[in-house]
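Let's take a walk through a protein model together. Keep the sequence and the 3D view open as you read.

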Amino acid sequence: MNPAIDSPAEMPRHGGWLAASALIAALASTLVLTLAGCASSAGIAPRSAEIAPESVGLPASAPAAAVAPRLDEAWWTGLGDPVLDGLVQKALAGSPTLKVAQARLDRAVAGADSARANDGIQGDVKLEATRQRYTENGMIPKPLAGSIENSGTIQASASYEIDFFGKHRKAIESAVGVQRATEADMAAARLVLASQVSRNYLQLARLFEQREVAVRALAQRDEMLGLIRQRVAAGLDTNVELRQGEGALPETRQAVEVLDEQIALTRHALAALTVQAPSALNDLVPRLQNLHGFTLPDTLPADLIARRPDVSAARWRVEAAAKDSQSFKTQFYPNVNLVAFAGFSSIGLDRLLQSGSQQYGIGPAIHLPLFDQARLRAGLRGKTADVDAAVETYNGAVIDAVRDVADQLASARAVARQQNEQQQAGVAAEAAYDLATQRYKAGLGTYLTVLNAESNVLQQRRSAADLRARALDVQVSLARALGGGYVGPQVH
């Protein structure tokens, strides 16, 4: 006789252990025997593949020395204008677009927290109190049959899903991927907003530079008109030259008015970007000479894909879609929940908390997808299509990013060459105008020659202002194309 087994005091505990052992053995046997009978996911897999970096002109990997230095997160400060810095900060602080992006991020964070909450013990407490008349013609015997009684229940219950196949883990990873993608989306929105403010600021500076050229041209033509009148009075010129000189003034004044209109509209655009009233920037007068460029790479950086928030967002969405598909795929396998409850239940509230009203239980709940194959396979095909769509969206983002940077680099080089040629053309135009003016004053040339020379000078001055502004604008666009100093978590 084994006292440990046969002792009456030990029998209940031994019986409970035997019951638990039998439950575990039955559970394991059920899993093994039913796996073969579950719905099959064979033949359903993503078809798209992520684009190889080298196929679009980027090295697959490069030593640290080959990686261009990152831009500062506040890259616009490199332009060296405190007024612009303040406008960008004001835009980033108050933009409704960024607040919408923040709301989307908050929602994604909540989704990730919800996924984590599902991976653990789920529990609740139930409190019920009912006054009920029991039927006389049902299963309830007398004396309850036909009587009206109070009944109550106080019960705590808990359940735990055994994650044999990683369903919850993959769901969490998918939700985290969505959160990371949304974080990158917000960084991309900040980058676009900062570049819009910077470019509008540069545009305003260019317009003021053009206006100065037009005002100088107006004064120059007014001075020339005075000279023409003197020559007409002296009989050296005719009314033809006088009318030509007088007609040049309204044309130049019109050009000034056109520039004033563009200045007003650009100020309004800047005010809207910085969440201010249209008239808030009426006194803003930026100057190109107060702005300077910052150092940027002259080749495609090896880590371009990691620098762009839009590309990073697309890559995280691939990760999220892949994990979501893997999580759905676990529905093809058995689902096992352990359920337990304990509490009190009685007819008659006065007996609810008595020891005889106790109730408790524990046991497994097993779901076997034996007859749901069509629905599951259709759902998995849909999830797989989502993965393919995310991969191709990512591929498109990579291609666009590489083209964007290549375009900006090409423009930067072209503008630099144009500036060099324009400087030479500007010097020649100024010299030709001075010579034409001297000859006209000496009676050796015609006024038409002076007008032609003057037109060339004004054109070169306008070109110089445009090229200075465009050189800075290209640098801003290149900073945006390179990700604007974005540093975010990378997919492994």
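## The overall layout

Helices (H or I, at least four residues) and strands (E, at least two) are DSSP runs, numbered from the N terminus. Counted that way, the protein chain has ten helices and four strands. Going along the sequence, their pattern reads α-α-α-α-β-β-α-α-α-α-β-β-α-α.

This is a predicted model, where local features need pLDDT of at least 70, side-chain atom pairs count only at pLDDT 80 or more, and totals for chains, interfaces and linings use all residues. Residues are numbered from 1 along each chain as its sequence is written, and side-chain values use heavy atoms, with hydrogens and water left out.

## How confident is the model?

The score to know here is pLDDT, the predictor's confidence in each residue, from 0 to 100. The protein chain has a mean pLDDT of 83, and 89% of its residues reach 70 or more. Confidence is lowest in helix α1 (residues 3-6), with a mean of 40, and highest in helix α3 (residues 82-94), at 94.

## Inside and outside

We call a residue buried under 20% relative accessible area, exposed over 50%, and partly exposed in between (1.4 Å probe, protein chains only). Of the 492 residues in the protein chain, 38% count as buried. The chain's accessible surface comes to about 26,700 Å², and 56% of that belongs to carbon and sulfur atoms. These areas come from the Shrake-Rupley method with a 1.4 Å probe; for residues, only the protein chains shown count as cover.

What about contacts along the chain? Among those between residues at least 6 apart in sequence, 83% join residues at least 24 apart.

## Two residues up close

Start with arginine 206, which sits in helix α5 (residues 167-233). Is arginine 206 buried or exposed? Arginine 206 counts as buried because its relative accessible area is 18%. If you skip its neighbours within four places in sequence, arginine 206 touches Leu288, Ala465, Asp466 and Ala469.

Now hop over to glutamine 132 in strand β1 (residues 122-133). Its relative accessibility is 32%, so glutamine 132 is partly exposed. Leaving out neighbours within four places in sequence, glutamine 132 is in contact with Ser147, Ile148 and Glu149. From glutamine 132 to serine 147 is 15 residues in sequence and 8.3 Å in space, C-alpha to C-alpha.

## Salt bridges

A salt bridge is a side-chain nitrogen of Lys or Arg within 4 Å of a carboxyl oxygen of Asp or Glu. How many salt bridges does the structure hold? There are 19. One of them pairs arginine 169 with glutamate 173, with the closest N and O atoms 3.8 Å apart. Both residues lie in helix α5, four residues apart, or about one turn of the helix. Arginine 169 is partly exposed at 44%, and glutamate 173 is partly exposed at 28%.

Another salt bridge joins aspartate 185 to arginine 317, the closest N and O atoms being 2.4 Å apart. This pair links distant parts of the chain, as aspartate 185 is in helix α5 and arginine 317 is in helix α8 (residues 309-329), 132 residues apart. Aspartate 185 is partly exposed at 30%, and arginine 317 is partly exposed at 37%. Then there's arginine 308 with aspartate 310, where the closest N and O atoms are 2.8 Å apart. Salt bridges that share partners join Arg308, Asp310, Asp404 and Arg480 into one network. Within it, arginine 308 is buried at 6% relative accessibility, whereas aspartate 310 is partly exposed at 30%.

## Aromatic neighbours

A pair of aromatic rings is described by the distance of the centres and the angle of the planes. Rings of Phe, Tyr and Trp (its six-membered ring) pair if their centres lie within 6.5 Å; planes under 30 degrees apart count as stacked, over 60 as edge-to-face and the rest as tilted. By this rule there are two aromatic pairs. One of them is tryptophan 75 with tryptophan 76, edge-to-face at 5.6 Å centre to centre and 80° between the planes. Both tryptophans are buried.

Note on methods. Contact means heavy atoms within 4.5 Å.
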